[in-house]
Amino acid sequence: TAGIPAEDFSLHHASHDTLVAAVPSNEHGKIRAVMFNLGYLPGSDKSVITETSSTLTAARQALEILGPGGVVTIAVYPGHEGGAEEGRAIAEWAATLKPRAWEVQHLRPVNRTASPPECWVFWKRPV
């Protein structure tokens, strides 16, 4: 927990596209950070992966519940099956977000070749 009081965070073992239901409605619009790590869980069944449709649903939900000044990060692994498609879909969706409301950054290594992981950062501009 890195010294963070238990009442200040929660962990859920569920599909990421159930985010809105997992967060109490009185907290919507107050969330400061949401982090997604796509692909599969290292050391687990590699046939169980995130999928583009549920990832986009989850990302939209994360932006919906985020408070002003909050941030969403999405780690994308284009090297796993379906990962490149997931990354392209996130890029297309991110490009549609209004720049007055959202700062979107796409970070990726430029000195690696074999489909390195990428990071998307969505910052909700303060109102």
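A: Trp 93, Trp 120 and Phe 122 form one aromatic cluster. This is a predicted model, in which local features need pLDDT of at least 70, side-chain atom pairs count only at pLDDT 80 or more, and totals for chains, interfaces and linings use all residues. Residues are numbered from 1 along each chain as its sequence is written, and side-chain values use heavy atoms, with hydrogens and water left out.

The whole structure holds 2 aromatic pairs. Rings of Phe, Tyr and Trp (its six-membered ring) pair if their centres lie within 6.5 Å; planes under 30 degrees apart are stacked, over 60 edge-to-face, and the rest tilted. Trp 93 and Phe 122 make a tilted pair, 5.2 Å centre to centre with 40° between the planes. This pair links distant parts of the chain: Trp 93 sits in helix H3 and Phe 122 in strand E4, 29 residues apart. Helices (H or I, at least four residues) and strands (E, at least two) are DSSP runs, numbered from the N terminus. Trp 120 and Phe 122 make a stacked pair, 6.3 Å centre to centre with 25° between the planes. Trp 93 and Phe 122 are buried, and Trp 120 is buried too. Buried means under 20% relative accessible area, exposed over 50%, and partly exposed in between (1.4 Å probe, protein chains only).

Now to H3. H3 has 12 residues and reaches 16 Å from first C-alpha to last, close to the 16 Å expected at 1.5 Å a residue. That expected span is 1.5 Å times one less than the number of residues. The buried residues of H3 are Gly 83, Glu 86, Gly 87, Ala 89, Ile 90, Trp 93 and Ala 94. They lie on the same side of H3, because they cover an arc of only 165° around the axis. The arc is taken from the directions from the helix axis to the C-beta atoms. On the other side, Arg 88 and Glu 92 are exposed. The cover over the buried residues of H3 includes H2, E2, strand E3 (102-107) and E4.

Ile 90 touches Leu 38, Thr 55, Leu 56, Ile 74, Val 76, Trp 120 and Phe 122, leaving aside residues up to four places away in sequence. Contact means heavy atoms within 4.5 Å.

Last, the core. The largest nonpolar core has 24 residues, and Ile 90 and Phe 122 are among those with the most contacts inside it. Such a core is a set of buried Ala, Val, Leu, Ile, Met, Phe, Trp, Tyr and Cys residues joined through side-chain atoms within 4.5 Å.
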